[in-house]
Amino acid sequence: MSTLQQHIEEKHFSHRMNGLRAAVLGANDGIISVVSLLIGVMASGADKHTLMLVGLGALIAGALSMAAGEYVSVKSQADTEQADLAIERAALEEKWDEEVQELAEIYQARGVSKDTALAVARELMAHDALRAHAINELGLTDTHSPRPWQAAAFSAAAFMAGGIVPVLLALGLPNELLWVLAASSLVLLFALGALASWAGGARLMPGGMRVMVWGAFAMLATYLIGRAFGVEGGV
Ligand SMILES: [Zn+2]
């Protein structure tokens, strides 16, 4: 296999893994925020009805908050890219020769000789001028914008997939057994943290430990709050 081919396949691999990593991190967010809220409410001695309201509220609020954050971030990124492309499109219409020169200089700066750089620039621009400038000048790999709605839905779904687990556990367990909820959430967090590290090409143990420690910290904090402000008979 040639080096170039290898490079392309590695890139493809890492691109696919990024999706898995984002999904796992979203699920981790869902688990940590929902389980820590539920632990606090269970420790306060609340009944199952309250617990269900809190759990569903945390799921919906968290998923929408993730979606909103992701939408705004991807949308503003897309707007910036579209504005850059519009400038580039106008420049290509108004001053084609300068743009050929500009692209040729980019190739020269990368070590291509002047004549070859000019030839490359002309051929690339004859094929797809906007794309050639988008890739080489703006650093965009694609002239298609990222999709904000898709990213928002993906984030919300990942959060919900993680957060639903502690909600179901909390509804099935008596309040006295909240440590079972805590322990199983920590195990799940460790597994997902390790999976995210694996997808990112990092070592499994530190990745798993990291997210587990943060989860434990969040649960301990809300547990203490639940104990402090709970009703008579809290755990
Ligand atoms: Zn240009």
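The model is predicted, so to speak of local features pLDDT must be at least 70, side-chain atom pairs count only at pLDDT 80 or more, and totals for chains, interfaces and linings use all residues. Residues are numbered from 1 along each chain as its sequence is written, and side-chain values use heavy atoms, with hydrogens and water left out.

**Exercise 1. The fold**

Task: How many helices and strands does the chain have, and what percentage of its residues count as buried?

Solution: 
- Step 1. Start with the elements, which are DSSP runs numbered from the N terminus: helices are H or I with at least four residues, strands are E with at least two.
- Step 2. The chain has 7 helices and 0 strands, and along the sequence this reads α-α-α-α-α-α-α.
- Step 3. Now turn to accessibility, where buried means under 20% relative accessible area, exposed over 50%, and partly exposed in between (1.4 Å probe, protein chains only).
- Step 4. Of the 235 residues, 36% count as buried.

**Exercise 2. The zinc site**

Task: Which residues are the protein donors of the zinc ion, and how are they spaced in sequence?

Solution: 
- Step 1. Look for donors, meaning N, O and S atoms within 2.8 Å of the metal (3.2 Å for Na, K and Ca); water is not among the atoms, so sites may look incomplete.
- Step 2. The protein donors are Glu88 (OE), Glu99 (OE), Glu102 (OE), His133 (ND1) and Glu137 (OE), at 1.8 to 2.3 Å from the zinc ion.
- Step 3. Their spacing in sequence is E-x10-E-x2-E-x30-H-x3-E.
- Step 4. Check their cover: Glu88 is buried at 4% relative accessibility, while Glu102 is partly exposed at 25%.

**Exercise 3. Aromatic pairs**

Task: How many aromatic pairs are there, and which of the pairs is tilted?

Solution: 
- Step 1. Recall that a pair of aromatic rings is described by the distance of the centres and the angle of the planes.
- Step 2. Apply the rule: rings of Phe, Tyr and Trp (its six-membered ring) pair if their centres lie within 6.5 Å, and planes under 30 degrees apart count as stacked, over 60 as edge-to-face and the rest as tilted.
- Step 3. The count comes to 2 aromatic pairs.
- Step 4. Tyr71 and Trp149 make the tilted pair, at 4.7 Å centre to centre and 50° between the planes.
- Step 5. Tyr71 lies in helix H2 and Trp149 in helix H5 (residues 148–172), so this pair ties together parts 78 residues apart in sequence.
- Step 6. Tyr71 is partly exposed at 24% relative accessible area, whereas Trp149 is exposed at 66%.
- Step 7. The ring centres of Trp214 and Phe217 are 6.2 Å apart with the planes at 85°, so this pair is edge-to-face.
- Step 8. Both Trp214 and Phe217 sit in helix H7 (residues 204–229), 3 residues apart, or about one turn of the helix.

**Exercise 4. A salt bridge**

Task: Which side chains meet in a salt bridge, and how many residues apart are they?

Solution: 
- Step 1. Search for a side-chain nitrogen of Lys or Arg within 4 Å of a carboxyl oxygen of Asp or Glu, which defines a salt bridge.
- Step 2. The count comes to 1 salt bridge, between Asp79 and Lys75 at 3.5 Å, N to O.
- Step 3. Asp79 and Lys75 are 4 residues apart in helix H2, so about one helical turn separates them.
- Step 4. Asp79 is partly exposed, with 41% relative accessible area, and Lys75 is partly exposed too, with 34%.

**Exercise 5. Two glycines**

Task: Is Gly26 buried or exposed, and where does Gly200 lie?

Solution: 
- Step 1. Gly26 lies in helix H1 (residues 3–43) and is buried at 4% relative accessibility.
- Step 2. Gly200 lies in the loop between helix H6 (178–199) and H7, and Gly200 is partly exposed at 48%.
- Step 3. Gly200 and Arg21 are 179 residues apart along the chain, and their C-alpha atoms are separated by 6.7 Å.
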